[in-house]
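Here is a short report on one structure.

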Number of protein chains: 2
Amino acid sequence: MKRVGLIVAYDGTNYCGWQTQPNGITVQGELNRCLSELLGTEIETIGASRTDAGVHAMGNVAVFDTDSRIPGEKFSYALNQRLPEDIRIQLSEEVEPDFHPRYCDSEKTYEYRILNRRFPVPTERLYSYFYHYPLDVEKMQEATSYLIGRHDFASFCGAKAQVKSTIRIVTGIDVFREGDMITIRVSGRGFLYNMVRIISGTLIEIGAGQYPPEKMKEILDAKNREAAGPTAPACGLTLMGIEFL
Amino acid sequence: MKRVGLIVAYDGTNYCGWQTQPNGITVQGELNRCLSELLGTEIETIGASRTDAGVHAMGNVAVFDTDSRIPGEKFSYALNQRLPEDIRIQLSEEVEPDFHPRYCDSEKTYEYRILNRRFPVPTERLYSYFYHYPLDVEKMQEATSYLIGRHDFASFCGAKAQVKSTIRIVTGIDVFREGDMITIRVSGRGFLYNMVRIISGTLIEIGAGQYPPEKMKEILDAKNREAAGPTAPACGLTLMGIEFL
């Protein structure tokens, strides 16, 4: 028996998120189905990040156990031939048998993309959030400074979450503009439910001038979801990668 | 009566090209339908470029005539509320009554995007051509030098074309890489049917080392479609813009 790790990229547009569910097609469901077909036995993957419906990934991570004689690094090719074209394995390799992508310490990096211009661009509509009103990237960048480090992020935790602690560590957060596209890049040691989308929704309000950058500290200190801005739409969010520490 | 000009952006994935046709949904067909609904009378647009099925645009141009009292610059907003989300007007304005987007002299700019890496990226699959084998951008760039200027581009003309002359002027052509994405940017005074896609298919063969860059001159001189490389897939091509001279 060996454990195989996969780096999984997907366009989340047509999926009800990562996690297998009885009603609705999910990325994990498609992955389990293709692996089970390939290996002729029921395979259940374990995923690192249960991304929401409509969220994309460049580098989610999953593992599964098999006694197949297929070498670990060959699974990428075999799976990509079976998977729908909006899911593509980027790397497969044998990992330690006790490696668990959710229980091992890791740093995840997300990007939230905002298309900030007068009219939407059709070819960007599935992978960014269109926002018409001009945004001040410097103010957004200034507001991020309050979020770096270890904090209670209760204000940035979606209502559906059931967690013991809302304390998390944000290791880096950057906001930059390339042409009409503004990217919010956030890295951290674990995230709360909808945390990046609520941070992004709040940064958009600050960038639009509804609040000054210092308001971010107040919001953080409130430890109350109602203090923060709206949850930005799923299509703008991409899980870029996960580094295991 | 006034003539209104539109700059039209679209994701060509789900369209049978620009031009209205009896069977199949087209960009022009959607535009005519929305304009006719808006104005309560049958409107026929005239388009600058009849892009093929699956080809995208950031800046195609169309005009229509109307005696509506809606100011030219307001049509962008009114149309964007009615159009499907994969078509978006970028600008509308009143133009000279004799302005014809196909008969006026113009320079068009196209980009052909090639995703050149080991495995496909799902979120790029609709807007680029995935090519796995490593491409040498410098060799591709070298090969483009033979194409600049006024030439008989018969070797780069699709079979369906019925044109009097295959002489065209390429004013600029550039090949550059950003990360895994290679872009071929071509500007010219009019293009033959499939010309940019055949140039791109030929440049890919040269980049892959199948032919040396100098082969491009031979191909051009042959004035024979069979001398050139394959027609690269539609999804990689975007009409970036049209400048009227």
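The side chains of B:R117 and B:D180 are joined by a polar contact of 2.8 Å. A polar contact is a pair of N or O atoms within 3.5 Å; within protein, one must be able to donate a hydrogen and the other to accept it, and residues adjacent in sequence count only if both atoms are side-chain atoms. The model is predicted: local features need pLDDT of at least 70, side-chain atom pairs count only at pLDDT 80 or more, and totals for chains, interfaces and linings use all residues. Residues are numbered from 1 along each chain as its sequence is written, chains are lettered from A and ligands numbered from 1 in the order written, and side-chain values use heavy atoms, without hydrogens and water.

| Side chain | Partner side chain | Polar contact |
|---|---|---|
| B:R117 | B:D180 | 2.8 Å |
| B:R117 | A:Q90 | 2.7 Å |

B:R117 sits in the loop between β5 (106–115) and β6 (129–130) of chain B. Strands are DSSP runs of E, at least two residues; helices are runs of H or I, at least four; both are numbered from the N terminus.

Chain A superposes on chain B by a rotation of 180° with 0.0 Å of shift along the axis (RMSD 0.0 Å), by least squares on the C-alpha atoms of residues with pLDDT of at least 70 in both. That is the relation of a two-fold axis.

Next, helix α1(B). B:T26 caps its N-terminal end: a side-chain oxygen lies 2.9 Å from the backbone nitrogen of B:G29. After α1(B) comes B:G40, with a positive phi near 70°.
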